[in-house]
Amino acid sequence: MKTSISKIFKKLRYVNLLILISVLLFLMAFSKYKNTWPHPIPCRIKNSTNPDLFIMTLGDVKTKLSQGIYYPEKDLIILNNGSKITNYYKDTLKIRYFKAIDKIDFPLPPSGWCSWYYYYQEISADEIKKNAKWLAENLKEYGGIYCQIDDGWQGTGHGLGENRDWTTIDKRFPEGMKELATYIRELGLLPGIWLAPHGQSNREVVDKWKTFLLKEDRTTASDTWEGTYLIDPTASDADKYIKDLFNTLADKWGYDYFKIDGQPIVINEYKNKQSFMNNPEGEPVELYRQTLNTIREAIGEERYLLGCWGTPLDGIGIMNGSRTGGDVFLDWDEGFITAVNATMSNYFLHNIAWYCDSDVMCLRSPLTMDMARAWATLQGLTGQGLMDSDRLMDLSPERVEIMKRIYPAVDIRPLDLFPSKRNKKIWDLKINHLDRNYDVAGCFNYDKNKTDVVHLNWEELGLPANTKVHVFDFWNEEYLGCWEKGYFAHLAPASCQVLTLMLAKEIPQLISTNRHITQGWIDLIECNYDKKNNIYSGESHVIGNDTYELRFVFPREGKTYRIKSAEAENMEVVINNHQGWASVRFTSPESKKISWKVIFEPTEIYTYPVNKPYKINVEPLGFNGVKLSWFPNYYLTAGYNVYYNNELLGMTPESNVILRNLNFSENDSIEISAVWYDGTESKTKTSVKIELNKFYPDEIFLSDIEPNSATAGWGGTHKNDEAIDNRPLIIGDKTYSKGIGTHAVSDIEYSLKGFYKKFTTEVGLDAYSLKCKQGTVVFQVFGDDKLLWESRVLKYSDPAKPIDIDISGVDILRLHVGDAGDGIDYDHANWGNAKIGK
C-alpha cells in the first residue's frame, strides 16, 4: 500500500507545519505495506470450532483458520476447496452499494477527541480550547490529532430538531467557529465538527433557498429530529444549498472532519414524504446518495466524512467511515456493551468498505480501571475510529496511561467477514511484523457481577497443537509462562486480559514492547537476532519522555538466558532479569528513532518439586459446561495442568477453571496436576469422574443455565432474572423472580441434548413498555429449527401469555422475539418463569 506524493501534498495544503509533523507520525504505520490496497486478504465466512472466537489481522498474516481468500476489487471469495462466492458483500451480506474502501487520503482511521459524551450540549469555545490544548500537549505525538466539536455550537445551543440553524453560532462561541478551528490548527491538530446537514430550523433560511420539503400551505412536510425542515433533494437549488453550507464549514471556517448525524432519518423521510418533493419520481435512496455526493464534492476527497445514527449503510462508497451502533453511556452495560454490540454486528465492514466507528471511548470514573482497560482494549485490538470523549485534563495519570497505549488506531481488519450474533469473549488479533508472528488475544468478561474463566486453546487459535507458547500479560506487564495446549485466563467481573502469544523457540525472543497494544507494530522499525553472539539489536521510534520497554522471553527448559548488558545510544538503560524473561527500559528526552542492542548470556532456571493438588469439586454449568475447583497447594507451584479424558487442555494459574462446550458421557474423567515454570508436573494427578445425573436435573429454570448463544436488538444480549434494563421482571401486574429479560429482535439458544420433554413460561412485554405505552412483539419457540409455538402480536398493554409446550427429543431450544414488523423501539420482552422439565 502506498500514498502518492501528490496526494500527501494535496492534504498538506490544509495544514500547518505542526500538523505536518502529526500527519507524518500518523502515516508511519501506513508505510509498512509492500502491496497496494485493495489486495487479497484471508477470511472466514463462518465460525469454526469455537463460537466465542473473533479474529482480526494486522500485516501479511497467514493462518490455517482462514477459510478462503477475499478479493475486494472483485467482491469475490475463493474458498480453500476452490469454490467461489461472487458478489459476497453485495449479495451475501446485502451491502447494496459495496465498494472497497479508498485509503489514499485516509490510510488509517481517525484518532482524537470528541466533545459530546462529556459536555453534550453544555459546551463552549473555552472548554473546547482547554481540551484541545491538553490533546496537543499529551496525545498528539501518540497519534491523537483530531479535535471534534459536537452538538451545541449552532443556533441557540440547545434543543433537537428545532435547533438546526447552521447559519447562527451560539453565544458561547463569541469569536465564531472559524477562530476556534484556527486555534485548533495552531496546536498542530485537525478540527472536526458535528451537524445534521439535511435539516434546518431557521425559517428565513428555508424561505431564502426554497429547497425544503413543504406542504401546499408552506408549512413543513417533515418535522423530525433531523430538523424542523428537511432538504428536498430534487429541488433545483438543493445542490447549491448543500455546497454553500459545506463550503462555509470547510473552506471559510477550516474544518477537516465532518460528523453528519441522523442519516437513516433522512432516508426514511425521503421514502415516506416523496409526494412533497419537487420531482417525486426519483428512487429515494439514490436521491439521498446524491446529497452525499454533493457534500463530498464540496469538502473534497481530503476531508473526512463520518456517517452517524445507527448504521447508514446507504452511505458506503461515499462516507469514509460511519458509526455502527447506538449512542454509548458512561456505563458498562449501556456504554461499553453497546460498543461491543456494534463491533460484533458490523465489524465485517471495517477497513474493507469503510472505517467502522463503534462510538467513542470513555475512560473516566465511575468506570473502574478494569472497565477502562476493557474499553481501551476494544478500540486497540480492532483499529476502529478512535475518539475519546472525556474531559481530558481531569483524567488521572493511570487513565491517561491506558489511553496512550492504544493511540493511534492502526491498519487492523477482520478475518471474520460475517456479523456475529453473540458477544464473543476471545478477540484474537494476529500480527505479522518484521517476521515477528504473534497473537494479541483479548479475553473479556462482560458480566458485572461474576468472575469468569476463558480458555485459550492453541489449536482453536490456529497455533500448532503440540507446541509450547509464551504468554505475556500486556496490561499487567508480566510474563505468565510458556505452556502446551492452552491457557486459562481468570477474569474479574467487568474486565479483560490482553495476552500476547508467541510460539516458543530455543533462543531469546522479543515478545512485547510497551508503546502500543499491538506491541511492536507502531514502534519497531527493525529487529534482528545474532544467534552466534547472543545479541538482539534493532531500531524503534520512541516518544519523548515516555519510558520505552522491550520484553524478552527465553526457552522454558534446557539452555536458558538472562540479559548481560544493553545499550540504547547514549541513554541510561535499566535491565530487569526475571525467571524466564527480562526487560530493558530507557527514556529518550525527545521523540526520535533510537538504535538499541541487548546482549544475553546463559543462566540456570530455578526449579521446585511440585506436589499434586487435592479434592476436586465439580459444579455443573448448564448442560455442556462444568466449573472445577480444588484445594490450592500449600507449597510452591506455577499453576495446574487440566486434563479431560486424558487429554491436556492447558494450564491455569489458579485452583479453579471453567470448561465449556463439552459433550458429556457417563465415563468422562477430569485430572489435575501441579506444574512448575519449566513444564515439570507433579508425579501423580488428582482425578474425578463425571456424574451425568447431576448435569440434567428433573427440572431447571433456563435463567440458571448458560445459553449456547444469545442476541438482542438493544441492551446487550439478555438478562437472567431481571429485565433487559436491569429492573425487576414484570409483565402487566405480575412480578417474576425467575425468568429472562431481552429486547426484540432476540434469539436465545440452549442445548438440551434431548433430555427434556416440557417447556413452560409466561411471556409478554415488560413494565417499561407499558409505562411508555409503546411496543409490539411476537414470541416464537423453535426446537431444532422447527417452529413449536408462536404468539399473536402482543402489545404493551397485554397481560402475560402462559405457554406449555412439548419439547420431547429437542436438542437446540431457541427462544425468539420478533419486532412485529414495526421496528424495535420499546420492545422490552420477558420470558417469565421459563423452565424445562423431564
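Contact here means heavy atoms within 4.5 Å. The structure is a predicted model.

**Exercise 1. Describe the surroundings of Asp-150.**

Solution. 
- Step 1, place: Asp-150 sits in the loop between β7 (146–149) and α6.
- Step 2, neighbours: leaving aside residues up to four places away in sequence, Asp-150 touches Cys-114, Ser-115, Trp-116, Trp-194 and Lys-259.
- Step 3, polar contacts: the side chain of Asp-150 pairs with the side chain of Lys-259 at 2.9 Å and with the side chain of Gln-148 at 3.0 Å.
- Step 4, burial: buried means under 20% relative accessible area. Asp-150 has 2% relative accessibility and therefore counts as buried.

**Exercise 2. Determine how helices α5 and α6 are oriented to each other, and which residues make the contact.**

Solution. 
- Step 1, geometry: α5 (residues 125–138) and α6 (residues 176–186) pack at an angle of about 10°, their axes being 10 Å apart.
- Step 2, class: angles under 35 degrees count as roughly parallel, so α5 and α6 are roughly parallel to each other.
- Step 3, hand: the crossing of α5 and α6 is right-handed.
- Step 4, residues: from α5, Ala-125, Ile-128, Lys-129, Ala-132 and Lys-133 meet Glu-179, Leu-180, Tyr-183 and Ile-184 of α6.
- Step 5, spacing: an α-helix has 3.6 residues a turn, so residues three or four places apart point the same way.
- Step 6, composition: the residues of the contact of α5 with α6 comprise six nonpolar, three charged and no polar.
- Step 7, burial and end of α6: the buried residues in α6 are Gly-176, Met-177, Leu-180, Ala-181, Ile-184 and Arg-185. After α6 comes Gly-188, with a positive phi near 85°.

**Exercise 3. Describe the packing of α8 and α10.**

Solution. 
- Step 1, geometry: the axes of α8 (residues 238–252) and α10 (residues 284–299) cross at roughly 40° and come within 8 Å.
- Step 2, hand: this crossing of α8 and α10 is right-handed.
- Step 3, residues: α8 contributes Asp-239, Ile-242, Lys-243, Phe-246, Asn-247, Ala-250 and Asp-251, and α10 contributes Gln-290, Thr-291, Thr-294, Ile-295, Glu-297, Ala-298 and Ile-299.
- Step 4, composition: the contact of α8 with α10 has six nonpolar, four polar and four charged residues.

**Exercise 4. Locate Ile-812 and list what it touches.**

Solution. 
- Step 1, place: Ile-812 belongs to strand β51 (residues 812–818).
- Step 2, a distance: Gly-754 is 58 residues from Ile-812 along the chain, and their C-alpha atoms are 8.4 Å apart.
- Step 3, neighbours: with residues up to four places away in sequence not counted, Ile-812 touches Asn-708, Glu-749, Tyr-750, Ser-751, Phe-782, Gly-783 and Asp-784.

How values were computed. Residues are numbered from 1 along each chain as its sequence is written. This is a predicted model: local features need pLDDT of at least 70, side-chain atom pairs count only at pLDDT 80 or more; totals for chains, interfaces and linings use all residues. Side-chain values use heavy atoms; hydrogens and water are left out. Axes are lines fitted to C-alpha atoms, for helices over the stretch in contact, and angles run from 0 to 180 degrees between N-to-C directions. Helices (H or I, at least four residues) and strands (E, at least two) are DSSP runs, numbered from the N terminus. Angles under 35 degrees count as roughly parallel, over 145 as roughly antiparallel, 65 to 115 as roughly perpendicular and the rest as oblique. A crossing is left-handed if the near helix is turned anticlockwise from the far one by less than a right angle, and right-handed if clockwise. Ala, Val, Leu, Ile, Met, Phe, Trp, Tyr, Cys and Pro count as nonpolar, Asp, Glu, Lys and Arg as charged, and the others, Gly among them, as polar. Buried means under 20% relative accessible area, exposed over 50%, partly exposed in between (1.4 Å probe, protein chains only). A polar contact is a pair of N or O atoms within 3.5 Å; within protein, one must be able to donate a hydrogen and the other to accept it, and residues adjacent in sequence count only if both atoms are side-chain atoms.
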